[in-house]
Amino acid sequence: MEHRYRVIHCLNQFFGGMGGEEKAYQPPQLFEGARGPGMLLENLFPNIQVAATLVVGDNYLADKTERALREILALLTPWYAAESADKPKFLLAGPAFNAGRYGIACGAICQMVQKEFSIPAVTAMYPQNPAVIEYKKNVFIVRAGKDVMDMEEALRNMAVLGIKQLNGEELDPDRDHYIPHGQRKNYFAEKTGASRAIDMLLRKLAGKQIHTECTMPLFDRVEPAPPVRDMASARLALVTSGGIVPRGNPDRIEAASASRFGTYSLNGLSRFSSETHQTAHGGYDPTFANDDPNRILPLDVVRELEAEGAFGSLHDSYYATVGNGTSVANADRYGFEIAKLLLADGVQAVILTST
Amino acid sequence: MSKQIERAGIPVVHACSIVPISKTVGANRIIPTIAIPHPFGDPNKSPKEEKEVRKALVKKALKALATPIDKQSVF
């Protein structure tokens with residue numbers, strides 16, 4: 001008998017055939033057999049059988065995520081924890097295309113299911129779906145189009161990726177159409193990095209297509225803030241990723257991959273000195289910074305300019321972290337937290353120094 | 001960090017030595033500084049000269065903060 005793969009498929013209220021936005025607060029419900037896209041899946045793969053379909057409303061999951069996930073876990077446990085030989089072996093969620101709430105639901109369910117039951121779970125999303133940033137590290141997210149036009153292709157890639165995982169096959173983000181987890185993998189290459197780089201350069205010079213081995217992350221953009229209108233009365237703050245901390249590094253900010261920033265008083269300080277401050281940064285030669293920390297964060301001249309009236313006043317604290325392999329996500333969080341503190345004190349301008 | 005602070009409506013000038021990184025990440029007001037391990041200093045200069053260079057850089061930073069821009073700008 002041909003091997004059959006049994007799967008549970010997760011859908012939102014819309015694809016699950018329950019309704020539109022009016023059913024968006026639909027609590028999770030489990031139905032036997034395939035619904036909507038699950039039927040297409042069974043048509044595409046005669047050896048896949050949808051044992052059950054879980055349907056949950058978009059808002060219900062986005063608003064009450066923890067509760068919804070608990071309820072979903074309770075619904076799925078009898079299936080995945082069953083003793084039966086033909087219990088479902090993996091989970092597919094979506095495709096969610098570019099739907100944000102649906103994407104969050106698919107990502108959260110996949111992440112929970114693979115952790116709780118140690119089974120493969122696969123979803124599919126448009127790469128700019130906001131849920132991608134949140135879940136791509138831990139969840140297999142197949143690259144899908146923006147909308148249902150891409151349903152068949154996305155379902156195919158999801159199913160193939162799930163079955164490959166079940167069979168313990170080697171996976172590759174390009175070949176298997178999923179968004180890279182951002183992890184580096186060691187392997188033995190036939191040529192050294194130097195000769196591969198030369199090959200790539202020659203291809204580029206010849207106008208041929210090249211594929212980098214090291215994709216740079218994409219960064220988002222922010223509109224420039226309006227300028228300071230009256231600098232003579234403006235409140236200024238100092239921030240640094242150069243690791244300038246009070247001597248002894250009281251917050252133990254890490255020399256690399258910093259997990260925090262520090263808030264340090266400037267009260268009564270006219271300058272930094274090697275007696276009072278040091279660098280905690282592990283990504284540059286600390287000699288010059290430790291000799292004179294003003295070389296990284298120029299407090300001495302900032303105080304002089306304050307006295308001269310070049311700007312209004314200096315915020316009472318400065319903020320410091322170490323920008324050395326620090327994740328964009330962490331840096332975002334520090335910036336967000338620092339901004340709140342600055343706004344609370346009416347700060348109107350910031351000098352941020354980096355090494 | 002620059003972007004998150006700027007997102008809150010406060011203009012930020014990013015003073016750094018590796019301008020391409022600042023540009024890639026998306027800082028809006030950028031001033032290039034002296035060197036990676038001493039962006040606001042130059043140990044080869046006398047302490048007096050070094051401080052003058054530092055002060056000039058901070059003045060430049062304040063000027064950048066008071067300058068209207070509609071796109072990423074290196075001052």
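**Figure 1. Gln4(B) and Asp332(A) are joined through their side chains by a polar contact of 3.1 Å.** In this predicted model, Gln4(B) has its place in helix 1 of chain B, which covers residues 2-7. With a relative accessibility of 12%, Gln4(B) counts as buried. When neighbours within four places in sequence are left aside, the residues in contact with Gln4(B) are Asp332(A), Gly335(A), Phe336(A) and Ala339(A).

**Figure 2. An open sheet of 7 strands is built in the order 9(A)-11(A)-7(A)-12(A)-1(B)-2(B)-3(B), with mixed pairing.** Its edges are formed by strand 9 of chain A (262-265) and by strand 3 of chain B (73-74), each of which pairs on one side only. Strand 12 of chain A, residues 349-353, pairs with strand 7 of chain A, residues 235-240, in the parallel sense and over 5 bridges. Strand 12 of chain A also pairs in the parallel sense with strand 1 of chain B, residues 12-16, and here the pairing runs over 4 bridges.

Figure 3. Towards strand 7 of chain A, which pairs with strand 12 of chain A, Ala349(A) stands opposite Leu236(A), and Ile351(A) is the bridge partner of Leu238(A). Towards chain B, Val350(A) has Val12(B), in strand 1 of that chain, as its bridge partner. In a regular strand, side chains alternate between the two faces of the sheet. In strand 12 of chain A, Ala349(A), Ile351(A) and Thr353(A) point one way, whereas Val350(A) and Leu352(A) point the other way, and all are buried.

**Figure 4. The largest nonpolar core has 59 residues, and Leu41(A), Leu76(A), Leu91(A), Ile109(A) and Val113(A) are those with the most contacts inside it.** Helix 4 of chain A, residues 100-117, supplies the largest share of this core, namely 9 residues. Around Ile109(A), with neighbours within four places in sequence left aside, the residues in contact are Cys10(A), Leu54(A), Val56(A), Leu61(A), Leu69(A), Ile72(A) and Leu91(A). Apart from this core lies another, of 39 residues, which includes Leu266(A), Ala289(A) and Leu297(A) as well as Leu65(B).

Figure 5. A search of the whole structure finds 0 disulfides over all chains. The closest cysteine sulfur to that of Cys106(A) belongs to Cys110(A) and is 6.5 Å away, which is too far for a bond, because a disulfide requires the two sulfur atoms to be within 2.5 Å. Cys110(A) is likewise in no disulfide, the nearest cysteine sulfur to its own being that of Cys106(A).

**Figure 6. Thr53(A), with a relative accessible area of 0%, is buried and reaches the backbone oxygen of Gly33(A) with its side chain at 2.6 Å.** Thr53(A) is found in strand 3 of chain A, which comprises residues 48-56. Leaving aside neighbours within four places in sequence, Thr53(A) is in contact with His9(A) and Leu11(A), with Gln29(A), Leu30(A) and Phe31(A), and with Gly33(A), Ala34(A) and Arg35(A). Gly33(A) is therefore both a contact of Thr53(A) and the residue whose backbone oxygen is reached by the Thr53(A) side chain.

**Figure 7. Phe140(A) is buried in chain A, with a relative accessible area of 13%.** Phe140(A) is found in strand 6 of chain A, which covers residues 140-143. Not counting residues up to four places away in sequence, Phe140(A) touches Ala121(A), Val122(A), Thr123(A), Leu161(A), Gln165(A), Leu171(A), Tyr178(A) and His181(A). Arg295(A) is 155 residues from Phe140(A) along the chain, and the C-alpha atoms of these two residues are separated by 45 Å. Chain A is divided into domain 1, residues 5-166, and domain 2, residues 231-353, and the C-alpha centres of these two domains lie 46 Å apart.

Technical notes:
Residues numbered from 1 in each chain as written. Chains lettered and ligands numbered in written order. Predicted model: local features only at pLDDT ≥ 70, side-chain atom pairs only at ≥ 80, totals over all residues. Heavy atoms only, no water. Helix = DSSP H or I, 4+ residues; strand = E, 2+ residues; numbered from the N terminus. Buried < 20%, exposed > 50% of the residue type's maximum accessible area, 1.4 Å probe, protein only. Contact = heavy atoms within 4.5 Å. Core = buried A, V, L, I, M, F, W, Y, C linked by side-chain atoms within 4.5 Å. Domains from an automatic or database assignment. Polar contact = N/O pair within 3.5 Å; in protein donor to acceptor, adjacent residues only side chain to side chain. Pairing = 2+ DSSP bridges.
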